[in-house]
Amino acid sequence: MRIELASLESGKGAFAHTYTPDELVLADDRVSLLQTAEVSGKIREQGGRVHVTGHLTARAQAECDRCLQLVELPIDSNFKLEYVTAEDYRAQQVVELTEEDLDLSVFDGQVIDVDELVTEELLLAVPDHVLCVEDCKGICPVCGVNRNTVECGCETQEIDPRWAGLKELVNGK
């Protein structure tokens, strides 16, 4: 979905769209949409800048970082972005980024790509470290079973080979 600024009445407008899971291409292979994603928002052009506010709801899934089980992630996110043209951005000659600059995006001055905005907001809403449960035991590094469901009894303590000779002395071997 693209919003052409020339089509806005009095520099203002609203948008809403429901995305099917196959309609958005997420740049992260570990994340996928489970069901539709709904976005709605308002757009306002003012003084060469475009302000976009909105709300995104979706259900995504990602693999647990420890045991690789799929984890369902509810997404309910508000967003607020400001768009400027590349010329305006260069004219500011920003030396140091401030917190406000993190919500600043550069665009061509004519069209706002809502698909790109939604994809970015979805990926930002997914935590960096996904766990199925807080105390996930992960996968056994020896036999590969999910230690949340099976107690394998494998010896998982690795011994540094540089200290192996000392262990033999202590154990009397």
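Me: Before I look at strands side by side, what makes two strands pair?

Reply: Two strands pair if DSSP finds at least two bridges between them. Keep in mind that this is a predicted model. Here, β5 and β6 run antiparallel and are joined by 14 bridges.

Me: Okay, and what sits between β5 and β6?

Reply: The two strands form a hairpin, with six residues between them. Leu 68 lies in that loop. With 48% relative accessibility, Leu 68 counts as partly exposed, because that label covers values between 20% and 50%.

Me: What should I look for in the backbone angles there?

Reply: Start with the general idea: most residues other than glycine have a negative phi. Now look at Leu 68: its phi is positive, about 70°, although Leu 68 is not a glycine.

Me: Let's zoom out. How many helices and strands does the protein have?

Reply: Three helices and eight strands. Going along the sequence, you read β-β-β-β-β-β-α-β-β-α-α. Contacts give another view of the fold: among those with a separation of 6 or more, 56% are between residues 24 or more positions apart.

Me: Where do the nonpolar residues go?

Reply: In soluble globular proteins, nonpolar side chains tend to be buried together. In this protein, the largest nonpolar core has 34 residues, and Val 39, Ile 43, Val 52, Val 118 and Leu 122 have the most contacts inside it. Among the elements that give two or more residues to this core are β4 (37-46), β5 (49-63), β6 (70-85) and α2 (114-125).

Me: Which residues does Ile 43 touch, leaving out those up to four places away in sequence?

Reply: Its contacts include Ile 3, Leu 5, Leu 8, Ala 14, Val 50, Val 52 and Ile 112. Gly 11, Lys 12, Gly 13 and His 51 are also touched by Ile 43.

Me: How much of the protein counts as buried?

Reply: Of its 173 residues, 29% do.

Terms used:
Residues are numbered from 1 along each chain as its sequence is written. This is a predicted model: local features need pLDDT of at least 70, side-chain atom pairs count only at pLDDT 80 or more; totals for chains, interfaces and linings use all residues. Side-chain values use heavy atoms; hydrogens and water are left out. Helices (H or I, at least four residues) and strands (E, at least two) are DSSP runs, numbered from the N terminus. Buried means under 20% relative accessible area, exposed over 50%, partly exposed in between (1.4 Å probe, protein chains only). Contact means heavy atoms within 4.5 Å. A nonpolar core is a set of buried Ala, Val, Leu, Ile, Met, Phe, Trp, Tyr and Cys residues joined through side-chain atoms within 4.5 Å.
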